[in-house]
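Open the structure in your viewer and keep the selection panel at hand. The stops below come in the order to select them.

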Amino acid sequence: MDLTEIDSFDISADHLRKVVALTGAGISAESGVPTFRGEGGMWRQHRPEELATPQAFASNPQMVWEWYLYRRQIIAQSNPNAGHDALVELEKVLKDRFILITQNVDGLHRRAGHKNPIELHGNIFLNRCNSCSERYPDDTLDFDKLPPLCLNCQGQIRPDVVWFGEGLNHVTIEDAFLHSQQATLFLSIGTSAVVHPAAALPVVAKDSGALLVEINPDRTPITSLADAVFTDSSAQVLPDLVNKIKQIETKSKN
Ligand SMILES: [Zn+2]
């Protein structure tokens, strides 16, 4: 099913009782953020899959931090795009009836102005103690000597992200599943829908009765499940989709 015309996309006020969006690498790629994966993400002859692990941090925390600070620099050069902005707009319109879940660690949704995204894989601009899990904003830490140390327990501070071989935060993932089950409209945006458990969220939403919309130039495992598929970029589709939702919302209030 290939729907490219927003006008022919049929949704009603009923679908707006609870809207959940899941975003993945695609929306960040449109801002020029590299995926830092595979051969293309090589850094000082290391593959990302070798650096983003608890083992790498245990054996060389300084090197892992240098890589993350490099990634932060690259990401800081990118800006949120029209897709990120449209989702901020959607939050303003629907307020707590809109939940944003992201697989991205680049913090672009927050930079666009989104208040409280559920960040499944953490956020590269946040820090936490590897021993006691205390979280620290950048300005409370000393980055001159890497790794920075915990003010509570002297443990090593790490980026607050989920590494290869690590499980997701329980509370975060339970939250994401609960919201997806309650969704009346679920938007799957720029995600390949193959990395679990995030890949299960659109399926759970659909099984619980949500209208499932996919926005992705590429076909994914959920394309055949989706009620509507937009194959243009999210920066093109989301502003129009959010405008349409705003119109429906305005009408239903009058
Ligand atoms: Zn600590």
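The tour goes from the metal site to the cores and then to one helix.

**Ground rules.** This is a predicted model, in which local features need pLDDT of at least 70, side-chain atom pairs count only at pLDDT 80 or more, and totals for chains, interfaces and linings use all residues. Residues are numbered from 1 along each chain as its sequence is written, and side-chain values use heavy atoms, with hydrogens and water left out.

**Stop 1: the zinc ion.** Select the zinc ion. Which atoms coordinate the zinc ion? They are the SG atoms of Cys 129, Cys 132, Cys 150 and Cys 153, at 2.3 to 2.4 Å. Donors here are N, O and S atoms within 2.8 Å of the metal (3.2 Å for Na, K and Ca); water is not among the atoms, so sites may look incomplete. Check the angles among the four donor atoms: they run from 101 to 119°, and the site is tetrahedral. Along the sequence, the donor residues follow the spacing C-x2-C-x17-C-x2-C.

Now turn to the record. An unreviewed UniProt entry places a "binding site" at Cys 129, Cys 132, Cys 150 and Cys 153. These residues spread over 25 residues of sequence, yet cluster in space, with a largest C-alpha distance of 8.6 Å. UniProt annotations may be inferred rather than shown by experiment.

Stop 2: Select Cys 150, in the loop between β5 (135-136) and β6 (157-161). Strands are DSSP runs of E, at least two residues; helices are runs of H or I, at least four; both are numbered from the N terminus. Is Cys 150 buried or exposed? Cys 150 is buried, at a relative accessible area of 1%. Buried means under 20%, exposed over 50%, and partly exposed in between (1.4 Å probe, protein chains only). Beyond its neighbours within four places in sequence, Cys 150 is in contact with residues including Tyr 136, Gly 155 and Ile 157. Contact means heavy atoms within 4.5 Å.

Move to Cys 153, in the loop between β5 and β6. Cys 153 is partly exposed, at 36%. Outside four places in sequence, Cys 153 contacts Cys 129, Ser 131 and Cys 132.

**Stop 3: the cores.** Select Leu 87, Leu 90 and Leu 187. They have the most contacts inside the largest nonpolar core, a set of 28 residues. Such a core consists of buried Ala, Val, Leu, Ile, Met, Phe, Trp, Tyr and Cys residues joined through side-chain atoms within 4.5 Å. Elements that each supply at least two residues include β1 (19-23), α5 (82-94), β7 (185-189) and α9 (234-253). α9 gives the most, with six residues. Among the contacts of Leu 187, leaving aside neighbours within four places in sequence, are Val 19, Leu 90, Val 213 and Leu 241. Next, find the second, separate core of 23 residues, which includes Val 64, Tyr 68, Cys 150 and Ile 157.

**Stop 4: helix α8.** Select residues 200-207. The buried residues of α8 are Ala 200, Leu 201, Pro 202, Val 204 and Ala 205. Their cover includes β1, β2, α7 (170-182), β7 and β8. End at Gly 209, which follows α8 and has a positive phi, near 105°.

Note on methods:
Tetrahedral: all angles 85-135°; square planar, octahedral: opposite > 155°, others 65-115°.
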